[in-house]
Amino acid sequence: METPEERTAAVTEEELLAARFEEQRPRLRAVAMQVLGSSSDADDAVQEAWLRLSRTGATAVNDLAAWLTTVVARVSLNILRSRGTRREQPLPEEGVPRRGFAEPSGAAPEDQAVLADSVGLALLVVLDTLGPAERLAFVLHDLFGVPFEDIAPIVERSPAATRKLASRARRRVRGATVAGEKEAARRDEIVTAFLAAARGGDFDALLRLLAPDAVLRTDPAAARAGASAATGARDVARGFTGRVKAARLALVDGLAGLIWVSEGRLRVVFTFAVAEGKITAIDVVADDDRLARLDVRPLER
């Protein structure tokens, strides 16, 4: 039978392991967000990394940061491969670190200069066109500094082939900067127009902004507060007509969205998926833990 002292030691080790993992969580989530472009998928990937670490134990891991990054990368790659469709939301433009646990080793200085200026907006356009392995190689190496030798086993290619994957992606990023800037500006216009139409009770204007099969999704906390999910442009428009008057424009993980702040506290975030100039999905987030993980920057309009 386990003694009280042994139980105490086990709890302490578990707590220490959890604390070390929490130190890594922001970077791990940033990696997953850049690869997957979805907050919920990124959270799932990070949670899976924790479950694997808790089963493995820190004593079996030499370099915790590298080990966790590899796990998150593998899980993210599996999600990409199983998804089979284009992701719903672009990747965040701001608030995501560009370096990880190793220094970049493949990009020439002039390439890195281009990337520093263009990577945020360009990714909004480019990553949707990349295959899973190409996308992962680019994100891990060019944005987080993971050496090709470490990426190669994850994508099941040689380091040389992995370098070519990232190089192809880099060329697309370089060529898509202008398109990305236009896309981001258009998204900002759409969300701004949506807020104005909702506040003004302009049902027809809301319909023009929504895709016919648009959906409104709510997390459990938002549902408990009275928000209702909806499917189809007309039902989504009805849910917003004459409402959200207290909402404000904000950048949410670098993308145009809406927030509701009450008594100085962030209560609700609305994120938007946009495709071909139409809103295809709106997510209502009210869970405190999820809100705390979002990078929210109010905009003065």
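Start at Thr271: its bridge partner in strand S6 is Asp283. Strands here are DSSP runs of E with at least two residues, and helices are runs of H or I with at least four, numbered from the N terminus. This is a predicted model, where local features need pLDDT of at least 70, side-chain atom pairs count only at pLDDT 80 or more, and totals for chains, interfaces and linings use all residues. Residues are numbered from 1 along each chain as its sequence is written, and side-chain values use heavy atoms, without hydrogens and water.

Now select 265-275, strand S5. Seven bridges join S5 to S6, and the two run antiparallel; strands pair if DSSP finds at least two bridges between them. Two residues separate S5 and S6 in a hairpin. Glu276, in the turn, has a positive phi of about 55 degrees.

Next, 210-218. This is strand S1, joined to S6 by five bridges and running parallel to S6. Pick Val215: its partner in S6 is Ala281.

Move to the largest nonpolar core, with 44 residues. Such a core is a set of buried Ala, Val, Leu, Ile, Met, Phe, Trp, Tyr and Cys joined through side-chain atoms within 4.5 Å. Phe21, Leu53, Leu136 and Leu140 have the most contacts inside it. Helices supplying at least two residues each include H1 (4-36) and H5 (132-143).

Zoom on Leu140. Leaving out residues up to four places away in sequence, its contacts (heavy atoms within 4.5 Å) include Val31, Ala73 and Ile151.

Last stop: a second, separate core of 33 residues, including Leu210, Ala256, Val274 and Ile279.

Methods
Buried means under 20% relative accessible area, exposed over 50%, partly exposed in between (1.4 Å probe, protein chains only).
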